[in-house]
Amino acid sequence: MKDERPIRNFRMELSFDGTAYHGWQRQPNGITVQEVVEAKLSRLFNTERVKIQGSSRTDSGVHAQGMAVSFEAPESPYIPDWKIKKALNRLLPPDIRIRSVDYAAPDFNARFSAKGKAYIYVVNTGDLNPFTSRWSHYQPEFMQLDAVREAMKSLEGTHDFSAFTIELVPEKDHVRTMYRLDVKTFGPLVCLCFVGNGFLYKMVRSMTGALLEVGRGRMQPQRVAEMLASKDRSMAKDTAPACGLFLMKVFYEEDEWRSFDFDTPPFFML
């Protein structure tokens with residue numbers, strides 16, 4: 001029998017610890033965040049499958065504070081719409097949390113409506129412990145932060161970032177605009193902030209890999225500018241490990257990125 005319940009479009013924001021997942025996007029070789037959330041949404045709305053569109057395809061082991069998704073669903077036979085967030089959080093594992101659920105315009109798409117994103121990469125320069133090791137990259141020699149800031153300046157603006165992606169497709173556009181890059185320290189934790197209109201596959205981790213070399217005094221800041229200008233991936237450094245990377249926020253208004261800031265490391269934020 002055809003389901004005649006009216007279909008609505010939703011915008012949802014969620015956070016997750018990506019340690020146990022093979023990234024966001026569904027794939028055949030491991031459990032993903034998208035797969036888990038879709039299964040619980042489908043159960044909640046009593047339908048075969050609620051398909052969700054993510055704003056980003058985060059890699060295996062990458063975390064999120066503000067992943068945005070969109071989905072269409074009929075009215076639930078079990079709960080009113082205002083209880084979706086609470087009901088969904090009861091069904092989901094504790095390493096995935098829904099932060100908000102709202103109605104969206106019919107043409108809203110979490111991926112294609114996005115105007116920009118903010119990421120933070122966390123480097124631990126202090127002692128290892130069981131908690132920071134899960135959400136940061138241990139680099140005790142990462143101390144040359146003025147040099148890192150100098151290198152970051154060459155990445156700001158509109159450029160071809162072919163040197164900082166591991167997925168080069170000739171027919172695709174590799175030009176992106178980085179609005180702002182910055183460094184903040186919280187004790188031994190160093191947070192590298194990247195705010196831009198979009199990011200190529202593993203672009204943040206690739207840029208971070210080069211900045212790590214600068215911060216450890218193994219490379220001069222101007223080498224980052226040379227890598228960028230080369231448009232050659234073989235000129236860049238290894239990508240940084242996934243464990244330190246957080247998708248912080250997806251922006252849907254043109255200048256919304258200007259107000260983005262943070263005063264604690266990502267895993268201390270509520």
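Good morning, everyone. Keep in mind that the model is predicted.

Let's start with the whole protein. It has six helices and ten strands. Along the principal axes, the C-alpha trace spans about 65 × 45 × 35 Å. How does the radius of gyration fit a compact globule, and why do we say it agrees? With 270 residues, a compact globule would have a value near 18 Å. The protein has 20 Å, which agrees.

Now a pair of helices. Please find helix H4, residues 145–153, and helix H5, residues 203–215. Their axes come within 8 Å. They cross at roughly 145°, and the crossing is right-handed. Which residues meet there? From H4 come Ala147, Val148, Ala151 and Met152. From H5 come Leu211, Val214 and Gly215. By class, this contact has six nonpolar residues and one polar residue, with no charged ones.

How many residues line the pocket? The number is 34. Nearest the centre of the pocket lie Ser56, Arg57, Arg111, Lys117 and Phe199. Which elements give two or more residues to the lining? They are strand S2 (52–54), strand S5 (116–124) and H5. So much for position; next comes class. The lining of the largest pocket has 13 nonpolar, eleven polar and ten charged residues.

Last, two lysines in loops. Take Lys202 first. Lys202 sits in the loop between strand S9 (189–196) and H5. Its phi is positive, about 60°, although Lys202 is not a glycine. Then look at Lys231. Where is Lys231? Lys231 is in the loop between helix H6 (222–230) and strand S10 (245–251). Its phi is also positive, about 55°, and again Lys231 is not a glycine.

To wrap up, go back to H5. H5 crosses H4, and H5 also gives residues to the lining of the largest pocket. Thank you.

Conventions. Residues numbered from 1 in each chain as written. Predicted model: local features only at pLDDT ≥ 70, side-chain atom pairs only at ≥ 80, totals over all residues. Heavy atoms only, no water. Axes fitted to C-alpha atoms, helices over the stretch in contact; angles between N-to-C directions. Helix = DSSP H or I, 4+ residues; strand = E, 2+ residues; numbered from the N terminus. Left-handed = near helix turned anticlockwise from the far one by under 90°. Contact = heavy atoms within 4.5 Å. Nonpolar A, V, L, I, M, F, W, Y, C, P; charged D, E, K, R; others polar. 1 Å grid on protein atoms, 1.4 Å probe; cavity = no way out; pocket = protein on both sides within 12 Å on 5 of 7 lines; lining within 4 Å. Rg over C-alpha atoms; globule rule 2.2 N^0.38 Å.
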